[in-house]
Amino acid sequence: MKTRLTPNESAAQIEALQPTLNAAVTIVSEPQENPVQGLLSGIPVVLKDNVSTKGIRTTASSKILDNYVPVYDATIVEKLKNAGAVIVAKSSMDELGMGGTNRNASTGPACNPWNPAHITGGSSGGSAALMAAGCAPLAIGTDTGDSIRKPAAFCGVVGFKPTYGRISRYGIIPYASSLDTVGFFTRTIEDAAEALEVLAGRDDHDMTSSFLPVEHYKENLNPDLKGKRIGIFRTVSDRIARPELKKDFDELVEKIQAAGAEAVDLYMDEKLMNLIAPVYKTIANAEATANHSNLDGIRFGVRKPGGSVEEVMTNSRTAGFSSYVRARFVIGSYTLFEENQDRLFRKAQKIRRLLVDAWKELFDSCDVLLAPAAPDTAPLIEESSDVRFGKDRFEEEHMQLANFSGYPSLTMPLSLADNGLPFGINLNAPAFQEQELLDVAAALEKIIDFKEEPACRVK
């Protein structure tokens, strides 16, 4: 992995772009040199602000954690440091990971480097923006329901969500435990392969982490499409909004076939697809409500005064959470009421199984599945609404299937729309087939040859 910037230069550039992008929560003013010689020696790294960092404030972009400074590093931070990397900033996110726009961060919306009037996507929008702006060659994110892959598409970079359990989540402030996955943003597929090799592996602190050995993903990269079966997810691609982007997508399919791959048109029952969003909302909000019950102003975090313990908790949570997050907790609490669990939560889990079975079946006909990451480019900040609370459209939500199933999923840029904003594609593979996914992505990277850069970028 290469970089044009030293860690100090990287931090300075993030600071310089902060008035325009508002993408950082904490910037390390004088990053300490890391003497370790490894795969990431001297590489500046941005961390999403839900990654615990010893001695560095970690807020998850929530007012209730504004004063929280962890006493330990997350496992992935230890791995990065052991590879020689240097942490330069903590990036903005949707509060506690709950959102898809990066609008509800306690520090305000992060802005898209291609056009600051547009959203970055969320919840890992700050990391995506700083990656697109060239501030660091590696930025960490988390993905609960496309929270890495959608911002990557909107910001024109590579966003990778590995298989559930491939990377440890120890030290990550959670959102929904059965869906959360640690991943990252890079500029190239080769860098993504290298980052995965550094971050992946078993961690006894995280009992959901896999025992499978870590492969030499970068060394084993094979960007050859001959003999590959590439599934084209037509249920989603048929809904691309802009004619020029539909043309770009269809031309890519033709180039894939010309490179020796078989393109297989695949479909999924739209009645089932329409259940993606409600199932996600039900499960994610319920798990989030349980996970964040400890954010009460008593044990840690910002405490507001009150005449009793109950009053302190009520005042702290009311002041500490945005109305958007409080609404999600209300939904989650209602779902977890004993009288509602069979009717809502367990029913959602059963439908999730049906969705996963249908998703898995698609891979009987292909090695890797290709779809647009989103039907359109990033919307304006002032006009956008979080689709999890707006009208549900499966073409916006389909990447949540990779969270339901735990399968690896990757987003990369395809082209620019007529409005000058990037448009991304999404690739998916079966569980723990990261090498297959990276191989196909590397081949498409050569075919696409995306070289455009945003106006708001480190010069």
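## Cysteines without disulfides

Let's start with the cysteines: searching the whole structure turns up zero disulfides. A disulfide is a covalent bond between the sulfur atoms of two cysteines, and here the cut-off is a pair of cysteine sulfur atoms within 2.5 Å. Keep in mind that this is a predicted model, where local features need pLDDT of at least 70, side-chain atom pairs count only at pLDDT 80 or more, and totals for chains, interfaces and linings use all residues. Residues are numbered from 1 along each chain as its sequence is written, and side-chain values use heavy atoms, with hydrogens and water left out.

C155 is in no disulfide either, with its nearest cysteine sulfur, in C111, 10 Å away. C135 counts as buried, with 0% relative accessibility; buried means under 20% relative accessible area, exposed over 50%, and partly exposed in between, using a 1.4 Å probe and protein chains only. C155, at 1%, counts as buried too.

## Around C456

C456 sits in the segment after α15 (434-448). Helices here are DSSP runs of H or I with at least four residues, strands are E runs of at least two, and both are numbered from the N terminus. With 12% relative accessibility, C456 counts as buried.

Leaving aside residues up to four places away in sequence, C456 touches L17, T20, L21, P113 and A133; contact means heavy atoms within 4.5 Å. C456 and L130 are 326 residues apart along the chain, yet their C-alpha atoms are separated by 10.0 Å.

## A strand covered on both sides

Now for strand β5 (residues 158-161), which is covered on both faces. V158 and F160 are buried on one side, and G159 and K161 are buried on the other.

β5 pairs with strand β6 (residues 181-186) in the antiparallel sense, over three bridges; two strands pair if DSSP finds at least two bridges between them. Three bridges also join β5 to strand β10 (residues 409-416), again antiparallel. G159 has a residue opposite it in each: F185 in β6 and T411 in β10.
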